[in-house]
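Visitor: I would like to learn how to read a model of this kind. Please take me through it feature by feature.

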Amino acid sequence: MSTKQMPEPAIRVQGIEKSFTDLSVLQGVDFEVAAGSIFALLGSNGAGKTTLVRILSTLLKADAGSATVHGFDVAAQPAEVRESISLTGQFAAVDGILSGRENLVLIARLRHLENPGAIADDLLERFSLTDAGKRKAATYSGGMMRRLDIAMSLIGDPPVIFLDEPTTGLDPQARIEVWQTIRQLADRGTTVLLTTQYLDEAEQLADRIGILHQGTIIQNGTLSELKRLLPPATVEYVEKQPSLEDVFLALVGDTGNPEEAPETVPTGKES
Amino acid sequence: MTTQVLSDTGTLTGRSLRHILRSPDTIITTTVTPIALLLLFVYVLGGAINTGSSESYVNYMLPGILLITIASGIAYTAYRLFLDLQGGIFDRFQSMPIARSSVLWAHVLTSLAANLVSVAVVIGVALLMGFRTGASVGDWLAVAGILVLFTLALTWLAVIAGLSAKTVDGASAFSYPLIFLPFISSAFVPTESMPAPVAWFAENQPVTSIVNSLRALFAQEPVGSDIWVALAWLVGILVVAYAGAIAIYRRKIS
């Protein structure tokens with residue numbers, strides 16, 4: 001369906017500005033996301049990550065600048081953009097009164113797909129929710145709720161997915177589950193734009209990381225490019241203590257890979 | 001495009017109807033107050049009220065009770081819409097390729113269905129308490145038409161409340177004055193018995209003409225000019241509330 005002759009970025013953001021009454025949230029944001037890659041938008045609370053995601057998913061109009069998603073302009077062709085995306089917002093957008101399966105069927109119907117029941121069953125299976133499929137979503141744990149939320153976003157195989165703080169409020173195990181899900185998405189060729197305030201999340205998942213600070217992208221690059229911005233590493237001998245997360249995951253017997261918790265570098269917090 | 005509006009509205013209406021089926025207490029809480037009022041007025045206060053007509057008191061007051069039922073039922077529309085907005089599912093729908101108006105219409109149609117069930121329950125209780133009417137099928141259709149218009153008009157008001165509320169309480173509090181309005185009308189006592197300024201208000205507010213029309217239809221009396229005043233009010237409120245709700249919705253989603 002898309003023109004494939006040129007390597008058009010899946011998301012292109014140019015000079016986006018947005019303010020609310022007297023508060024200027026975005027002051028000229030520029031970046032591009034290559035098709036099929038994971039891009040992490042890293043920023044502290046209130047940096048404008050959600051505002052940007054809302055603009056890209058046509059929920060909000062920018063004051064200035066332009067953005068295209070999957071080749072469509074978000075302001076001029078919102079209907080086409082909505083055909084190409086899925087949004088998983090910061091709060092699980094799940095109907096708690098419906099069962100997990102009914103939630104999936106609902107979205108499949110709204111996307112006018114054939115055989116919504118089969119699509120729902122398939123996704124329940126993929127996200128290990130088959131046993132819980134008939135239960136009200138309100139009874140799900142935080143991690144299950146998030147998985148259902150992401151599963152709902154995958155219906156119709158949109159080429160671009162926005163995940164706004166997908167792991168905020170989740171416990172470490174659920175976080176690892178969500179990370180695995182996101183990696184699988186990218187493996188299938190979906191472009192993922194995720195926002196996060198967790199440095200290790202960006203480090204774990206993203207092909208490229210953009211740091212959103214005071215309304216602009218102050219740095220944008222791969223993890224190693226960003227690391228090169230700091231003075232070269234010096235060798236010091238430090239006794240390696242397990243992080244509390246390592247201890248927790250070892251004690252509860254988690255299956256996720258016990259990678260060393262990254263030595264997080266504090267970002268520029270000077271205001 | 002039109003078929004998309006219909007199918008999306010159908011899908012989303014199915015969703016909110018499920019909400020009602022899963023929490024039938026919304027029907028119970030909607031009907032419990034009107035039924036209590038019905039009992040109170042018929043068996044406690046009614047004996048002392050002189051309506052000046054030969055009708056039994058339950059016949060006299062049922063139209064007003066039906067309006068109170070609807071006025072308390074539509075608060076749930078504002079409540080459900082507000083929860084959708086807060087929970088993020090509203091954003092999910094808006095970021096999907098669906099007909100945008102279907103999100104509101106689904107709530108409105110659900111309100112209509114729920115309120116008609118509540119009204120039927122209250123009429124059932126009234127029948128047990130001795131309510132009788134010789135109304136023909138045509139009269140009943142006219143009664144149903146007026147109640148449907150009343151429900152739609154108030155539901156679009158509820159949509160405005162749901163879209164603009166800041167808190168859950170705010171979303172449903174707007175209905176209290178609406179529930180109270182029938183008391184200052186011809187619903188329970190003849191307006192002639194009220195002090196002049198109150199009587200003037202009662203005679204010129206929408207509930208009186210609606211109540212009088214319903215009462216005339218149930219009693220198989222000529223509806224007179226009341227029906228036109230009632231329809232003018234209902235259509236007027238409906239158009240204004242609909243336009244207001246759509247304007248607020250547009251501002252919200254653009």
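This is a predicted model: local features need pLDDT of at least 70, side-chain atom pairs count only at pLDDT 80 or more; totals for chains, interfaces and linings use all residues.

Visitor: Which parts of chain A have pLDDT below 50?

Guide: Residues 1–5 of chain A are below 50, and that stretch has 2 contacts in the model beyond near neighbours in sequence. Residues 258–271 of chain A are also below 50; here the model has 14 contacts beyond near neighbours in sequence.

Visitor: Now the sheets. What holds strands together, and in what order do the 6 strands of the open sheet in chain A lie?

Guide: The general idea is that strands of a sheet pair through backbone hydrogen bonds, either parallel or antiparallel. In chain A the order is β6-β7-β8-β3-β9-β10, and the pairing is mixed. Strands β6 and β10 (216–221) of chain A are at the edges with a single partner strand each, so one side of each has no neighbour in the sheet. From one strand to the next, the twist averages 15°.

Visitor: Where can I see both kinds of pairing?

Guide: Take the two ends of the order. β6(A) and β7(A) run parallel and are joined by 4 bridges; S86(A) has I161(A) in β7(A) as its bridge partner. β9 (residues 208–213) of chain A and β10(A) run antiparallel, with 5 bridges between them. There, I209(A) is opposite G221(A) in β10(A).

Visitor: Are the faces of β6(A) covered or open?

Guide: Both are covered. I85(A) and L87(A) on one side, and S86(A) and T88(A) on the other, are all buried.

Visitor: What is the order of the open sheet of 4 strands in chain A?

Guide: The order is β2-β1-β4-β5, with antiparallel pairing. β2 (23–33) and β5 (72–73) of chain A are the edge strands, each pairing on one side only. Within this sheet, 5 bridges join β1 (residues 11–20) of chain A to β4 (residues 64–69) of chain A.

Visitor: Which helices pack on these sheets?

Guide: Consider α1 (residues 49–56) of chain A. On the sheet of 6 strands, α1(A) touches β3 (38–42), β7 (160–164), β8 (191–196) and β9 of chain A, at about 155° to the direction of β7(A). α1(A) also lies across β1, β2 and β4 of chain A, at about 120° to β1(A). Another helix, α6 (residues 172–187) of chain A, lies across β3, β7 and β8 of chain A and runs at about 150° to β8(A).

Visitor: Why is α1(A) described as largely enclosed?

Guide: The test is a count of other C-beta atoms within 10 Å of a residue's own, with 20 or more needed for burial. In α1(A), 8 of the 8 residues are buried, so the rest of the structure largely encloses this helix. Among them are K49(A) and R54(A). After the helix comes T58(A), with a positive phi near 65°.

Visitor: Is E17(A) buried or partly exposed?

Guide: E17(A) is partly exposed, because 17 other C-beta atoms lie within 10 Å. E17(A) lies in strand β1 of chain A and stands opposite A64(A) in β4(A). Beyond four places in sequence, the contacts of E17(A) include L26(A), Q27(A), D63(A) and A64(A).

Visitor: How many residues of each chain are in contact across the interface?

Guide: 20 residues of chain A are in contact with 17 residues of chain B. On the chain A side, α2 (78–84), β6 (85–88) and α3 (100–110) each give two or more residues. By class, that side has 11 nonpolar, 3 polar and 6 charged residues.

Visitor: What does the UniProt record say about chain B?

Guide: An unreviewed UniProt entry places the feature "transmembrane region" at several spans of chain B, including residues 27–49 and 227–249. In the model, residues 27–49 of chain B are 83% helix and 0% strand, with their end C-alpha atoms 30 Å apart. Residues 227–249 of chain B are 100% helix and 0% strand, and the end C-alpha atoms lie 32 Å apart.

How values were computed:
Residues are numbered from 1 along each chain as its sequence is written. Chains are lettered from A and ligands numbered from 1 in the order in which they are written. Two residues are in contact if their C-beta atoms, placed from the backbone, lie within 7 Å. Ala, Val, Leu, Ile, Met, Phe, Trp, Tyr, Cys and Pro count as nonpolar, Asp, Glu, Lys and Arg as charged, and the others, Gly among them, as polar. Two strands pair if DSSP finds at least two bridges between them. Axes are lines fitted to C-alpha atoms, for helices over the stretch in contact, and angles run from 0 to 180 degrees between N-to-C directions. UniProt positions are given in the numbering used here, feature names are shortened, and annotations may be inferred rather than shown by experiment. pLDDT is the predictor's confidence in each residue, from 0 to 100. A residue is buried if 20 or more other C-beta atoms lie within 10 Å of its own, exposed if 12 or fewer, and partly exposed in between; C-beta atoms are placed from the backbone.
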